[in-house]
Each structure stands twice: as structure tokens, then as C-alpha cells.
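Please keep the structure open while reading the points in order.

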Amino acid sequence: MADTVKIQKPTTAPKRAPTLYFIVAIKLLKGLALLATAAGIFSLVGKDLGDLFDQFLRWVHLDPEHRFFQNVGDWLDTLTAGNMRALANVTLLYGLFLLVGGTGLAFRAKWAIWLAICESAFFIPIEIFELLRRHAPATEDHPHLFAHPKIGLLVVLALNILIVWYLLKNRQRLFRHH
């Protein structure tokens, strides 16, 4: 019997991808933050939010009688327990969605890249609509929080476009081993 030598093909290890790891970290951090937010919202169901807001303002030494804070307090009084539960449930589900997608990207699962691309691309038309939508000019009664409030939205839009572009362009290289 002749001895046969088996030649093993070298396994191709996944290529290093610091940008992918950055996207994974952002998704996991957002997911954890949303889970914590959902837990906080669930803990507030059935409580007097206007009173809690007033106590918080006094704790941070802000004037709860200021018109802006009064408007926020009045709005908080309109929230029902059902609205709070619905908001907490949506926040919880989206947080879990981000955690699952981020974990899948970390393990370079092929389905995860499409999940990340679709999730990031989903918000692009909404962000463009919000950028193009006209807002009434600020008055003294309703001042804008920032001098240019759309800059933050523009940054988020640019990041989402970059994430979609990066993942589409590099999906074969990053997820080849599957």
C-alpha cells in the first residue's frame, strides 16, 4: 500500500476589519442603551410623570416654572400607561434587533450584513425627508434648541450612507469565509 499524503488547504481566516468592528460596537452600544431605556420606561408606567419631572428639575437646580419646562410637564401629563407600555415595547424590540444584528456582524454571519444594510438604509429616506421639510421660523415663544438643528440630522444621514456604502462595497471581502 502506498502512503498518500493529504495536503490540507489553509483555512482562510476572516480579514481584519476595524470599520466593521466599529459598526458592531455602535450597534451593540445602541442596543444596550435602548434596553436600558426600555427598562426605565417600564419602571415609570403608572407614575405621575409631571411630578417626577418637577422633582428632577429641582434636583438639578433648574426653575420648573420656566415656560419651556411647564410645556414639557404638561405634555408628560398627557401620556397614558398604555402609551408608555407601547413606547417601552417598541424600544425593547428595536434594542434586541440591534443586539442580534450587531452580534451577527461580530461573528460575520451572512444574514447579519444584509440586516445591517437594510436597517441603515431604511432610515435614509426618512432623514432626507426631515432635512428637506420646512419648519416654521423660531419665535420667542418657541426657540430652537440649537442654532442649526439640522446639522445633527445631517451627520446621522452621512453616517448611515457611509455604513450602507461600506457594507455593500466590502460584503464579499468581509464575509467570504461563510
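**Notes on helix packing**

1. The buried residues of helix α3 pack against α2, which spans residues 49-59. This is a predicted model, and the points below should be read with that in mind.

2. Which residues of α3 are buried? In this helix, which covers residues 67-77, they are Phe69, Gly73 and Leu76. Viewed down the axis of α3, these buried residues fall within an arc of 60°, so they line one face of the helix. On the other side of α3, by contrast, Phe68 and Trp75 are exposed.

3. Two packed helices are described by the angle between their axes and the distance between the axes. For helix α1 (residues 18-44) and helix α4 (residues 81-106), the angle is about 155° and the axes lie 7 Å apart. Since angles over 145 degrees count as roughly antiparallel, α1 and α4 are therefore roughly antiparallel to each other. Their crossing is left-handed, and the contact of α1 with α4 has 21 nonpolar, seven polar and three charged residues.

4. Helix α4 also meets helix α5 (residues 110-132), where the two axes come within 8 Å and cross at roughly 135°, which makes α4 oblique to α5. The crossing of α4 and α5 is left-handed. Residues making this contact include Tyr94, Phe97 and Leu98 of α4, together with Trp111, Ala112 and Phe123 of α5. By class, the contact of α4 with α5 has eleven nonpolar, two polar and one charged residues.

Methods:
Residues are numbered from 1 along each chain as its sequence is written. This is a predicted model: local features need pLDDT of at least 70, side-chain atom pairs count only at pLDDT 80 or more; totals for chains, interfaces and linings use all residues. Side-chain values use heavy atoms; hydrogens and water are left out. Axes are lines fitted to C-alpha atoms, for helices over the stretch in contact, and angles run from 0 to 180 degrees between N-to-C directions. Helices (H or I, at least four residues) and strands (E, at least two) are DSSP runs, numbered from the N terminus. Angles under 35 degrees count as roughly parallel, over 145 as roughly antiparallel, 65 to 115 as roughly perpendicular and the rest as oblique. A crossing is left-handed if the near helix is turned anticlockwise from the far one by less than a right angle, and right-handed if clockwise. Ala, Val, Leu, Ile, Met, Phe, Trp, Tyr, Cys and Pro count as nonpolar, Asp, Glu, Lys and Arg as charged, and the others, Gly among them, as polar. Buried means under 20% relative accessible area, exposed over 50%, partly exposed in between (1.4 Å probe, protein chains only). The arc is that of the directions from the helix axis to the C-beta atoms. Contact means heavy atoms within 4.5 Å.
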